[in-house]
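Have the sequence and the 3D view open.

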Amino acid sequence: MQGTLLHRMDGTARRFVPFGVTLILMLFAMTPTYIPGLSHVTPMYALMAVYFWAIYRPDLLGYGATFSIGILEDLLAGTPLGSGALILLLCQRVVFHQQKFFNNKPFGIIWLAFALVAAGAALLRWICVGLVATSGFTPIGQMFTAYLMSVAMYPIIGWFLAKAHMKLLAQSE
Amino acid sequence: MRLPTGQISRFGTLKSLLQRFAYLSLIGLTGALMLIGKADTVLVERASDAVTDAVTPVLRVMSEPAAVVADFVNNLRELAAIREENAELRESNSRLLQWQSLAQKLESENKSLRGLSALVPEPNATFVTARVVADTGGAFAQSILITAGEQSGVHKGQVVLTGEGLVGRVMQAGLYSARVLLITDINSRIPVLVGEAGNRAILAGDNSLRPRLLFLSNKSAAAHGDKIVTSGDAEAFPPGIPIGQVSRVEEGGVEVEPFVVRDKIQHVRVADYGLSGILAQSPPALKAEAPKTEKVEK
């Protein structure tokens, strides 16, 4: 009896892994790294995580979870409320829609597709923030650098996410 | 056999319809939130304060390893340069001793002159020191989160400094945390004095590393290396706080290199100079306070 309860609790905890990992990555993007020049061009870590889970475990990170992470990010970062959540939701939807395309594709293709999705996300967020914020559009160069950083960082973050995926989720099956 | 299959497919269709409906609702909600954020900033600020207060302890723990690594690297760097630094310090110490004697002389002179002119002394500032736990940079907003809030006496509009100079000002203050708008943020506008001539200008951030000077009274007056300090206009900042120096003068504008290196900030001081400040209160609060000041004047 106790065994089954523990087993069930373990299963529930595992189901929260994608949400937890995405949340931690979102917070990680905000912690100071003390590396010169990096604070201005923080990569979009939350986007990477949402993209990853949308491909590999679409069942475990729903729209509601993505929305709440996006809203939390906006409230913490001081960016226009809703802009971060919108981008994450759109990214997730695009990947869900192209599930067949992503199926069993090599990493290079996944990375390339991320570069495309992230480009759309960054551009859309830039437009959203520019339209909503009272200060108007920020210089596009900053955003472009942040985008390049995101694409460059994806293999590293993707590797960590894949580790988390294999260790914590594959065991439960 | 057919009935259950039909039921399953019907259930599947219903589920996908529900999912689509939920998705569209959430997309609509993000749009609505963007509009609410534009219309009712106070509500969003309050929500942001509450969330920041709750998440700051987590960010504090998460920022610890990076701080330890940064300290270690700094220690190594300092250790390598310890000899040169020692020689430099000796030299600067002897120079400073000369300045100290000059300052003492000036202080006594100042004292006697103040006595003559019956000058009202400036109020002393009170300071709160806080740790930086989050650098919510990115390309869209330049702000940091610190571990002191209303409970420690940090209020909206207060000035934030490090030993090098001005960092920014408190933009939002929760109970246990506060958000500091950096001078590089696109929303930052600071009245400044340029160079020894003291030309007035506005230092405006644009989310890049170097803010620019706007409304410089005499463009040719700004030269490379000119020091920028706060002017104290509009009572948002006290006069004379060092900000940076002119790093580039060109047709398009004048760029300023801040003294404070953002990537190195670990602790900041929040100073309360007792300034009313144009940003300390929202317009209704100012209106409400207007009769009170009249009363005092009478």
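Predicted model: local features only at pLDDT ≥ 70, side-chain atom pairs only at ≥ 80, totals over all residues.

Q: How many helices and strands are in chain B?
A: Start with the definition: helices (H or I, at least four residues) and strands (E, at least two) are DSSP runs, numbered from the N terminus. Chain B has four helices and twelve strands.

Q: Which strands form the closed barrel in chain B?
A: Two strands pair if DSSP finds at least two bridges between them. In chain B, six strands close into a barrel in the order E6-E7-E8-E11-E10-E9, with antiparallel pairing. From one strand to the next, the twist averages 45° (axes are lines fitted to C-alpha atoms, for helices over the stretch in contact; angles run from 0 to 180 degrees between N-to-C directions).

Q: How many bridges join E6 to E7 in chain B?
A: Six bridges link E6 (residues 189-194) and E7 (residues 199-204) of chain B, and the two run antiparallel. Take Leu193(B): its bridge partner in E7(B) is Arg200(B).

Q: Which strand of chain B does E1 pair with?
A: Strand E1 (residues 126-135) of chain B is joined to E12 (residues 267-272) of chain B by six bridges, running antiparallel. Here Phe127(B) has Ala271(B) as its partner in E12(B). Strand E3 (residues 159-161) of chain B also pairs with E12(B), in the antiparallel sense, over three bridges. There, Val160(B) is partnered by Val270(B).

Q: Is Asp263(B) buried or exposed?
A: Buried means under 20% relative accessible area, exposed over 50%, partly exposed in between (1.4 Å probe, protein chains only). Asp263(B) is buried, yet has no salt bridge (a side-chain nitrogen of Lys or Arg within 4 Å of a carboxyl oxygen of Asp or Glu). The nearest side chain of opposite charge, Arg262(B), is 5.5 Å away (Lys and Arg count as positive, Asp and Glu as negative; His and the chain ends are not counted).

Q: Where is Asp263(B) found?
A: Asp263(B) lies in the loop between strands E11 (253-258) and E12 of chain B.

Methods. Residues numbered from 1 in each chain as written. Chains lettered and ligands numbered in written order. Heavy atoms only, no water.
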